[in-house]
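Open the model in your viewer and keep the selection tool at hand.

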Protein chains: 2
Amino acid sequence: MNRVDTLLTGGIVVTMNQNYDVFPDGAIAIQDSRIVAVGPTSEIVAQYEASDILDCSGQVLIPGLVNAHTHIPMTLLRGLVDDLRLDVWLMGYMMPVEREFVSPEFCYTGSLLAAAEMIRGGTTCIADMYYFESDVARALAEAGMRGVLGQTVLKFPSPDAASYEDSLAYTRQFIEEWRDHPLITPAVAPHAPYSNTPDTLKASTDLALEYDVPLLTHIAETRLEVEDSRRDHDMPVVPYVEGLGLLEAKVLAAHCVHVDTDEMRIMHRHNTHVAHNPTSNLKLASGIAPINEMLERGLVVGIGTDGTASNNDLDMFDEMRLAAFLAKGATGDPTALPARQALAMATRMGAEALFLGEVTGSLEPGKQADIITLDHMPLHNFPHFKRDPDAIYSQIVYAAKSTDVTNVMVDGRWLMRDRALLTIDEAAIRAASDQYARQIDAFLTAREGNILSKLVAIGGLEQEESFEIQAKAHLATRPDIPGLLLDHRDVQLVRHTHYRQYDTYFQFQDPNQGRVRYREDDAVDDRGEVASVRSRLTYTMPTKEREFSNAVLLSRSQFIAPADRPLRFYQEYFQPDTEHTVQKERQRWHILYKGILFYINLDELHVPREAGYFLEVKSRTWSARDAEYKAELASEIMALLGISPEQVVHTEYVELADS
Amino acid sequence: MNRVDTLLTGGIVVTMNQNYDVFPDGAIAIQDSRIVAVGPTSEIVAQYEASDILDCSGQVLIPGLVNAHTHIPMTLLRGLVDDLRLDVWLMGYMMPVEREFVSPEFCYTGSLLAAAEMIRGGTTCIADMYYFESDVARALAEAGMRGVLGQTVLKFPSPDAASYEDSLAYTRQFIEEWRDHPLITPAVAPHAPYSNTPDTLKASTDLALEYDVPLLTHIAETRLEVEDSRRDHDMPVVPYVEGLGLLEAKVLAAHCVHVDTDEMRIMHRHNTHVAHNPTSNLKLASGIAPINEMLERGLVVGIGTDGTASNNDLDMFDEMRLAAFLAKGATGDPTALPARQALAMATRMGAEALFLGEVTGSLEPGKQADIITLDHMPLHNFPHFKRDPDAIYSQIVYAAKSTDVTNVMVDGRWLMRDRALLTIDEAAIRAASDQYARQIDAFLTAREGNILSKLVAIGGLEQEESFEIQAKAHLATRPDIPGLLLDHRDVQLVRHTHYRQYDTYFQFQDPNQGRVRYREDDAVDDRGEVASVRSRLTYTMPTKEREFSNAVLLSRSQFIAPADRPLRFYQEYFQPDTEHTVQKERQRWHILYKGILFYINLDELHVPREAGYFLEVKSRTWSARDAEYKAELASEIMALLGISPEQVVHTEYVELADS
């Protein structure tokens, strides 16, 4: 007899190995963190003995479920707002709340809340992407779960990084910290191609390759994303990221709702894995991913819940079932994605998707002991047909519920026994999470009528590059911009435009509200006639400034939206405390200076009437380091234009205006 | 103080009344079977006292859920087979198993199994359609649930009726028996337009109008159904049934996946209600019903699970959630079908869909006390945001699970307290339902290799009208069919055809296997040339015959399928014990006799060679009474043709053949 730590006996053992072996009266022997034997109970008990023997009669034993895509700290935001337009939901609620509340503590608490729900529901392994991923790792490791945890990289400032350079530095540190942990696999997670620059995508790839860790990202989640990619890069999303070298890494791409056959071929060639999120894709109205074709083409596809903000749970039983049913509905073929295949995607193939195929995902000797047991006796899973060997998969995928999970083991350690959590204090988590809810409720109530939320509500809002570089001078006489600038060897003219601009600024007593500008841009042609008119709103958040020599570096968030309604509407809608009018004639040169795009504005101010001319050198960027570099270049341009320090002004036009 | 039977206090009361009132610390007073008061706990306890007081703190109180379309006895077939093609699933498994097993006892047991699951999951009221509906009613009444129960009417024989006349008679008796029950509303359920004749649809409508009971049916579930309706009736399904007067009844139409805007207008005009079945429509790959447009047009739409064979559960929480998410996914609009509206469809609007809007579906004084409580404290429903008044609906629809239901009351009676069922013996149901599973497993195992199941597996099978009328004579000389028949005032020629028919009959030692005929039909044109060739298989089940005068009335089931593979394939596939060959030359006149379609066949038998001519008068029908009438007409035609009794033969051609 061999002595082992634990024996699970007398259950229906559904191994999910390559042969799909099922032992109707089966047993599993576990030593340390690993499975050492799986087979009929009679054979196993004849070979092994243990002090911890769990009688699993009336239970089904399956591999712990693998959630291939989620954002677990967001569990704290479950049910915050639902059923809204995507831009309203994201920019009106998610982003402001995340900006205000997401902290290491938030991520730790949210991760524990999620872990409790996931363990109860039989999930033992996840792929996560969020901020402060080191605190997610801390919570997950404490809870005893397995995870591939991706630290988010974004081009704009995020709750855990003021710039993307900080984000990349944090990610490196995170990988160093967790790379040797038995349960945690650190990963790099550039959020999505559209929310990154080519530079950040390349840097993320380099980091993933350097440490040989997975790279998690969102690919082609919405139709708009694909349209934007075609507009900006002349190609859909997958060839774009392929061109940047991103697919050289071990990539797990979430969503992939709008990928075409050519893109699937590219993904297959690079062994890019996919996380399918059926609930989230329906709830956010993103579409239905072509999972059947992906599977037919041999892609590795796991199943994920996505975050609870777009689900609203972490229930992998719900998710498997919907994956199977949606595949049938989408193809018109009721044989598509049968129950056994859906369970494989949530277990063995899911583990493979996370690049953990050698570690977990099936019940076979040599794999880590990640095992769950399901109560097979609830009436919602009766009767039990046995003639068809696939009947057990139908019972697990189509009829079992996450609440049928009774015992959960990860890495040979019990995390739940008889439905009691062994690693998490549920009462403490309940209290901590409801305390966050009270604070968030109060924050959102306080900002009712807040300008950004009002702006978001009318739609079309986009966030601009987060750093603005601006240098400005007041000149008594008209400078000869073309003469001074355009012949210089470092300068290249891109375009010259001429506008008459009619601005109305809405300001508010509370300076934290920021301000809104309604601008009508009349483009003037060569004959001095108005050729086209465009109106838009710009929302500027309260400003933080930093000054470099004679250029000003402004670090501030701006949002722009088309203004498709008359000024009077916006006046009534925003009810500003004061209004200011600015009218000016603007000549604008779009130039490349040392290859970098700058705008040179030459303005004559009509309202308020100011003598002379205002000269502006402007640029924007997502990167803090890039902003510093551009500030230097802006100073150089000012010098080329012959601006002396005493001509430099820091006044904005609106500050000159009367209310 | 007013004395009442029961007080529920201190819970979050979500009334689902017209104002969508929510009492965050609310109470309900119940006297006899009705709600007498709903409001803040402080107000209710100041006015009412009771001996049964349930403290509902930490619980949410909502109206009992209404499942608008199901077939509860089929719960005994949950997981029998899944992931198959529709024809294979239906004709290979569901129909044979139903034919063999569906009995009053089956329906009673299956209904109790379903009731246990439904009560546990918070469903208190259903619309059901099945066979032996009186036994469904008996089970449901014992369990204490409310239901609109529709007795099925079909044109073909069903487990509870040898003919549709029997079915209509049974339905009348069922209505008489249950019409005064406080919980049960009997209803007429013509299964679907395509599975009924115009006569049975009209008779069902008359019955519904005579007793003022609802009429339940399936409408436009599949695209094929609509195509067939256009082919056969030159219009889609809804105008077809409108033309038959069916929409004059109180109609609850299940599915309505493929209805267009005009059809929605017709349904709205007739106040036709809809049962939406999102899971079933995905699982069977039927499509996605245009629920948003229906709701915008003011149609009353409930939500149903359908039977467990196409779901595989009776979980209304799953169903509400999917209804909401699928509506968003299908329209590309994440604001479509918000949580509050989904809950309304499963409660107040669902009750209205069942024509029980005055009785149940909301928590308000005067309605019957159909109330469920949900545990609001599981971690899968944390945290609890409260700022947004719609947050509670999101928590109920998007995060709560059916297993959160703790207490269930119907008609003022407790059916479940603290998750213990009070009206159903679960252990007994478990045993009884698994016993059925063992018998059904054995039945299906025994018929492995069964001819019908093999035929079903190769696809394209259709069931023919169930009654065949045939009169046959052997004549020494060639009769002048046109001369004898076509000038008669009661006869009208529809078409004349001429075939050479090459038949191979497959027969089996076990007579219960029935027989298969492979026929090649060579259509011959005026010049005696073969104009077209068609091959098909006909499966004839073991025959029961009844004889009328000189015509034979055959009551037997036939199935036909196109034979798109060569004879050799079918020989190897079916492996018959004996084969017989029949070849003949057939002249066929399609005539109307007294307005009824008959085929007159004049056959010369080449193999086996028989002298003289065989004359056949044939017709088919779904109706037993119609079969008797047609048998009389067939005798009259035989008389017109001058056939004497001694010329009549009862031999089939295959019986003449050598093996």
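A residue counts as exposed when its relative accessible area is over 50%, and as buried when that area is under 20%. Keep in mind that this is a predicted model.

**Stop 1: two residues with positive phi**

Select Gln575(A). Its relative accessible area is 57%, so Gln575(A) is exposed. Gln575(A) sits in the loop that runs from helix H19 (567–574) to strand S28 (578–593) of chain A. Look at the backbone here: phi of Gln575(A) is near 45°, a positive value in a residue that is not glycine. Most residues other than glycine have a negative phi.

Now select Ala285(A). Here too phi is positive, at about 60°, and the residue is not a glycine. Find Ala285(A) in the loop between helix H10 (278–283) and helix H11 (291–296) of chain A. Is Ala285(A) buried or exposed? Ala285(A) counts as buried, because its relative accessibility is 14% and the cut-off for buried is under 20%.

**Stop 2: two cis peptide bonds**

Most peptide bonds are trans. Go to Asn311(A) and Asn312(A): the peptide bond from the former to the latter is cis, with omega near 0°. Asn312(A) belongs to the loop between strand S15 (301–303) and helix H12 (316–331) of chain A.

Next, select Phe382(A) and Pro383(A). The bond that leads from Phe382(A) to Pro383(A) is cis, with omega near -10°. Pro383(A) is in the loop between strand S16 (371–375) and helix H15 (391–399) of chain A.

**Stop 3: the two chains together**

Show both chains and color them separately. How does chain B superpose on chain A? A rotation of 180°, with 0.1 Å of shift along its axis, does it with an RMSD of 0.2 Å. That is the relation of a two-fold axis. To find the axis from chain B, select Thr403(B): its C-alpha is the nearest to the axis in that chain, 3.6 Å away.

Now select the contact. Chain B brings 70 residues and chain A brings 69 residues. In chain B, Leu379(B), Phe385(B) and Arg387(B) lose the most area to chain A, together 15% of what that side buries. The area buried between the chains is about 5700 Å², with 57% of it from carbon and sulfur atoms. Of the interface residues of chain B, 99% are also interface residues in chain A, so the copies meet through the same surface.

**Stop 4: polar links across the contact**

One to display joins Asp315(A) and Lys401(B), at 2.5 Å from N to O. Residue pairs in polar contact between the two chains number 37.

Color chain B by element. Helices that give two or more residues to the side touching chain A include H2 (86–101), H3 (104–120) and H12 (316–331) of chain B. H16(B) gives the most, with eleven residues. By class, this side of chain B has 32 nonpolar, 16 polar and 22 charged residues.

**Stop 5: a buried arginine**

Finish with Arg146(B). Look for Arg146(B) in strand S10 (residues 146–153) of chain B. Arg146(B) counts as buried, because its relative accessibility is 3%. What does its side chain meet? The side chain of Arg146(B) makes a polar contact of 2.8 Å with that of Asp370(B).

Methods
Residues numbered from 1 in each chain as written. Chains lettered and ligands numbered in written order. Predicted model: local features only at pLDDT ≥ 70, side-chain atom pairs only at ≥ 80, totals over all residues. Heavy atoms only, no water. Contact = heavy atoms within 4.5 Å. Buried area = accessible area lost by both parts, 1.4 Å probe. Salt bridge = Lys/Arg side-chain N within 4 Å of Asp/Glu carboxyl O. Polar contact = N/O pair within 3.5 Å; in protein donor to acceptor, adjacent residues only side chain to side chain. Helix = DSSP H or I, 4+ residues; strand = E, 2+ residues; numbered from the N terminus. Nonpolar A, V, L, I, M, F, W, Y, C, P; charged D, E, K, R; others polar. Buried < 20%, exposed > 50% of the residue type's maximum accessible area, 1.4 Å probe, protein only. Least-squares fit on C-alpha atoms with pLDDT ≥ 70 in both.
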